[in-house]
Amino acid sequence: MTEASGVRAEAEADRQAVHFSAPYTLAVDAMGGDNAPGIVLAGLDTTAIRHPEIRVLLIGDEKVLNASLGSYPHLSKICTVRHAPDSIPMEMKPTAALRVKGSSMRIAMEAVASGEARGVVSAGNSGAMLALAKIIVKALPGISRPAMAAVQPSARGDVVMLDLGANIVCDARNLVEFAIMGEAFAQAALSLKAPSIGLLNVGSEELKGDERLKQAAERLRDSVLSDRFHGFVEGHDITAGVTDVVVTDGFTGNVALKTGEGALKLAFGLLRDVFQTNWLTRLGYLLVRPGLRRMKEWIDPSRYNGAVFVGLNGVVVKSHGGADAEGFASAVDVAIDAVENNLNDKIRHRLDQLGMLGHAGESKEQE
């Protein structure tokens, strides 16, 4: 067993060892995503098999959902349908989405805000989702801007990266908040007791980078996170797994994420072309196919589906709009991990230690 697979196996064992004494509810936007509600229902049926103890508040067109539930016997046992007359199109602007009072996404958010549900999962419009989450679920006291965090593969195991696009422009305080939230997310999602934290920069030297990065690094070195703070990391350090958490602004993080996804597609495309060159390369493919399958499973996008808007008064998980059923089930798994490992309590604890609880600063929100 490799080091990376060993880390993942230990994390999975720790996750399965955690059980709440009573069932809790997740609100699911059944109408969000490119292939809703079919993919959502199929993914939740898998969830019901993995986690029969949870409850699902399934929100969307009542007639459509009730007519389809008969095909998903496992899901039928754990879900309650709530009607939503509207849905939010993928291309709708966030400001317009806020005015759709009867959308499935909004009603799901309201279930979390009222305490009826512990978290929400949607594959819908990400801009609308963030806007609704800020207005309805609201940020934790002490957090000026929620961030989008997700797990990515690396040579040493899984890595948490944030922000991935929620905040295009950030100041030093925002980056410190992201470090706090990233540490808590790594503890919840990866079962790491003491995750290391790095600030993404153009170089690892202390003199590199702009003033906000230098200020954020100085604050982290002088805080209770000093023993976790590795310092600056570069782009290639993300896939090398130099730190467990990589912190950056949303612009840089989103570019890095999409670049990594493109590099993986290019690598597999080149491999496919090489192995189709002639009969000798096809024979070589047969010899290495088991290893390639393991590698593909390790970096399978569906396994890493599910980004969390961290820093909110509830668990809010965004699934990729084009995810398949297994990918959507993975996003629900992310929500379950965040709830069962008390993600928000960990963030509140760190904010309190840093004297930031209830003081969100003067940063202005970006639309």
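Predicted model: local features only at pLDDT ≥ 70, side-chain atom pairs only at ≥ 80, totals over all residues.
Residues are numbered from 1 along each chain as its sequence is written. Local features need pLDDT of at least 70, side-chain atom pairs count only at pLDDT 80 or more, and totals for chains, interfaces and linings use all residues, while side-chain values use heavy atoms, with hydrogens and water left out.

**View 1. Arg-50 and Glu-326 form a salt bridge.** Twelve salt bridges are found in the structure (a side-chain nitrogen of Lys or Arg within 4 Å of a carboxyl oxygen of Asp or Glu). Here the closest N and O atoms are 2.3 Å apart. The pair connects distant parts of the chain, with Arg-50 in helix H2 (residues 38-50) and Glu-326 in helix H13 (residues 325-340), 276 residues apart. Helices are DSSP runs of H or I with at least four residues, numbered from the N terminus. Arg-50 is partly exposed at 35% relative accessibility, and so is Glu-326 at 36%; buried means under 20% relative accessible area, exposed over 50%, and partly exposed in between (1.4 Å probe, protein chains only).

**View 2. Asp-345 pairs with Arg-348 within helix H14 (residues 343-353).** Their N to O distance is 3.0 Å. The two residues sit three apart, about one turn of the helix. Asp-345 is partly exposed at 44%, as is Arg-348 at 30%. Turning to the next view, salt bridges with shared partners join Glu-183, Asp-227, Arg-228 and Arg-350 into one network.

**View 3. Asp-227 meets Arg-228 in a salt bridge.** The N to O distance is 3.9 Å. Asp-227 counts as exposed because its relative accessibility is 60%, whereas Arg-228 is buried at 15%.
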